[in-house]
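User: Please take a close look at the aromatic rings in this model. I would like to know how they pair and where the paired residues sit.

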Amino acid sequence: MNLDRRSVVAAGALLAASMPFAGLARAEIGPDHKAKIKGLIRQMTLAEKLGQMTQIPGGRQKALNSRLDATMLDRVRKGEVGSFLHVAGADALRELQRVAVEEGRLKIPLLFAMDVIHGFRTTLPVPIALASTWDPEAMKLAARTAAEEAWAAGLHWTFAPMVDIARDARWGRVVEGAGEDPYLGSRMAVAQVEGFQGGDLAKGRRVMACAKHFGAYGAAVGGRDYDSADVSERTLAEVNMPPFYAAARAGAGSFMTAFNDIAGVPTTGNADLVRHQLREQWGYQGLIVSDWNAVKELIAHGVAADQKEAAVLALKASVDMDMTSNSYAEHLGSAVAEDKSLLPLIDEAVERILTAKARLGLFDDPYGFGDPVAEKAVPAKNRPIARDLAKRAMVLLRNEGDVLPLRLGQKVVLIGALADDAMSTLGSWRARGQAEEAVTLRAALEQGNVITGYAPGVTTRSDDVSGIPAAVALAREADVVLLAIGEDYDFSGEARSYADIGLPGPQEALIAVLKATGKPIVAILMNGRPLGLEKDLAGIPAVLETWYLGLESGPAIAHVLTGEVSPGGKLPIGIPRHGGQTPMTYAHVPTGRPANADLLIDSARYHDTAIGPLFPFGHGLSYARFDYGAVTLGAEAVPANGSQTIGVTVTNSGKVAADEVVQLYIHDPVASVARPVKELRGFVRLSLKPGESRRVTFTLTPDQLAIWHAGKWLIEPGLIEVMVGSSSEDIRGKASFRVTGRGEGKHPAASIPTKFEVA
Ligand code: NOJ
């Protein structure tokens with residue numbers, strides 16, 4: 001029952017004519033299980049089949065298990081439920097499973113699911129923060145840590161990772177993903193799938209992953225959650241799809257379809273995208289679940305007249321499981337009575353659901369998940385992991401005059417309500433995280449005697465400015481002012497889109513008066529999305545992006561402020577100057593009139609805002625300094641099926657040990673269609689001691705440069721520029737080579753991992 005990458009997804013092209021590996025996923029469960037599943041399907045009534053295809057909330061997000069009453073247990077006995085979400089707890093779930101496998105007619109085990117996104121009991125940094133590590137191993141460790149705790153609570157399945165590409169900071173769910181880039185997003189998707197699932201789902205104390213929200217959920221127009229996406233076929237293939245493709249190939253056990261539509265076709269009813277592309281072309285055999293109530297919402301979308309039509313559309317699209325809308329259970333019966341050709345589609349869906357249960361080992365041991373003892377003890381080993389991940393995630397955005405790290409003997413004060421907001425450290429998906437177990441920045445700095453005083457100043461939720469005078473008085477006594485600003489946790493997450501991504505509450509007023517004291521300020525950003533703060537941050541010498549860092553937030557930030565550790569994170573999404581610049585990406589096309597600093601020249605820019613982001617994609621400073629040697633290439637030209645090596649030596653010329661993320665970008669200056677000015681195609685996070693050098697060699701293949709064109713991944717001959725640097729704008733070296741022939745790639749270019757060696 002090995003759920004590894006070879007077995008789940010066909011190694012085929014997006015539009016491969018033949019799919020030689022398709023079907024392996026089903027073959028990978030043993031013949032006994034296959035026979036058992038076939039036998040069960042033969043015995044099942046239509047109602048029982050639709051029961052398997054039905055997922056019911058066993059509680060609410062904030063009151064897990066609260067709906068597991070006698071009526072619900074009866075539904076389980078009758079085989080009306082295949083899976084529950086919003087449930088947890090080893091004992092409670094064992095009892096629920098017992099009812100299914102001992103009192104149900106066919107004794108089919110239930111699947112228990114929950115949104116375990118960034119930690120379960122031990123809250124880890126939010127996904128956008130974990131992506132800021134630019135370290136897939138860190139991301140994988142986070143997923144594994146979350147999975148182990150979720151497993152102990154009896155869960156089989158998490159609705160993670162969210163691999164939606166996000167380029168619009170107004171979208172509240174930026175916090176849940178890996179940012180704006182399909183290459184970084186693909187690496188982080190794979191890391192999470194591997195971390196959540198491990199090698200063998202049945203034995204690993206892990207949980208099944210769910211790549212979501214398949215389609216173009218992150219491309220909602222205007223950054224309004226749930227809203228329509230209108231992306232070109234090329235953008236869909238080159239930008240939105242690669243992380244999903246990478247997750248599928250990594251063996252993600254399940255996918256979730258998005259709520260929204262692409263150009264009028266809601267993904268939950270999109271047979272072209274789900275059944276044709278994901279299943280047939282990619283060969284994906286895992287379980288596909290709808291998002292919450294999304295099957296029924298096909299009516300609101302205006303593509304189904306009633307729930308029966310909605311259910312048929314989703315079934316035809318190959319959505320196996322209906323999350324909460326009951327459309328399958330209540331309406332597919334009469335649909336089948338009218339159209340018998342739906343029956344095989346139902347059988348396929350049931351087979352995939354039962355196969356997922358078999359892969360999890362539930363037919364062999366339905367009680368194999370959950371450990372009431374381990375569940376109660378908050379695992380001591382996981383707190384240091386939480387702290388370490390938090391330290392790796394922070395991004396130093398600005399540090400003029402080396403204000404940071406703080407120096408001994410300085411009088412330091414702390415201002416800002418967010419510095420004392422334990423709930424916000426937990427971020428958007430708290431799972432079982434407890435605010436009282438979190439260490440805030442205030443607590444950590446007081447415990448460490450780093451600060452001489454604290455004042456909240458203002459909060460994000462009220463207009464009350466009465467705390468400002470005390471904050472100013474405190475600042476006046478200080479040598480350095482630490483100022484926590486941003487958004488509380490509830491500004492980001494699902495349905496938390498904002499038109500204005502400036503600072504909420506009277507924070508701007510607080511900043512203005514603090515600046516007037518003339519004291520050096522260190523702004524510590526706490527937020528789930530990039531904020532447009534150019535004006536607020538003007539004149540502030542040091543800015544540290546911390547996102548929401550989880551239970552160990554305070555100590556981790558304190559370590560960076562005091563210089564015990566040098567910050568090494570980089571931005572996985574650019575930070576705009578102003579919300580009006582969104583959506584934005586570093587990987588834009590050049591246009592016929594590229595942005596020009598001279599306003600007298602008409603060009604692709606805003607008149608009232610400087611060009612580009614305030615802090616670009618890939619940006620992040622360090623307490624050390626890194627020098628880059630010349631970029632060297634293995635060859636001047638490569639054939640379409642060849643490969644190119646790109647080498648660079650990086651030296652820590654600073655005084656402290658620190659991490660640097662070496663980034664590789666490509667550009668195709670003349671192609672059949674305009675190509676992005678830069679595209680990330682490789683990165684590696686190095687840890688270097690003072691004076692230490694490392695040589696990094698990336699190996700790139702021309703299929704990583706392929707362009708999606710009329711249904712194919714075209715490799716075109718011509719010049720390719722490569723750029724190596726410390727951020728998408730801090731390019732330290734360039735070189736170029738020729739691709740000498742034409743060719744065709746098999747995989748989405750950005751989904752292909754770039755090999756690298758560090759010597
Ligand atoms: C809706 C969200 O869009 C999705 O991400 C989540 O997994 C489900 N609700 C279940 O909570």
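Analyst: Aromatic rings

Trp 134, Tyr 183, Tyr 586, Phe 617, Tyr 665 and Phe 683 make up one aromatic cluster. The model is predicted, so local features need pLDDT of at least 70 and side-chain atom pairs count only at pLDDT 80 or more, while totals for chains, interfaces and linings use all residues. Residues are numbered from 1 along each chain as its sequence is written, and side-chain values use heavy atoms, with hydrogens and water left out.

Rings of Phe, Tyr and Trp (its six-membered ring) pair if their centres lie within 6.5 Å; planes under 30 degrees apart count as stacked, over 60 as edge-to-face and the rest as tilted. The count by this rule is 18 aromatic pairs. One of them joins Phe 214 and Trp 282 edge-to-face, at 6.0 Å centre to centre and 80 degrees between the planes. Phe 214 belongs to strand β5 (residues 210-214) and Trp 282 to the loop between α12 (272-281) and β9 (287-289), so this pair ties together parts 68 residues apart in sequence. Helices (H or I, at least four residues) and strands (E, at least two) are DSSP runs, numbered from the N terminus. Both Phe 214 and Trp 282 are buried (under 20% relative accessible area; exposed is over 50%, partly exposed in between; 1.4 Å probe, protein chains only).

Tyr 226 and Phe 259 have ring centres 5.2 Å apart and planes at 80 degrees, so they too are edge-to-face. Tyr 226 is partly exposed at 35% relative accessibility, whereas Phe 259 is buried at 8%.
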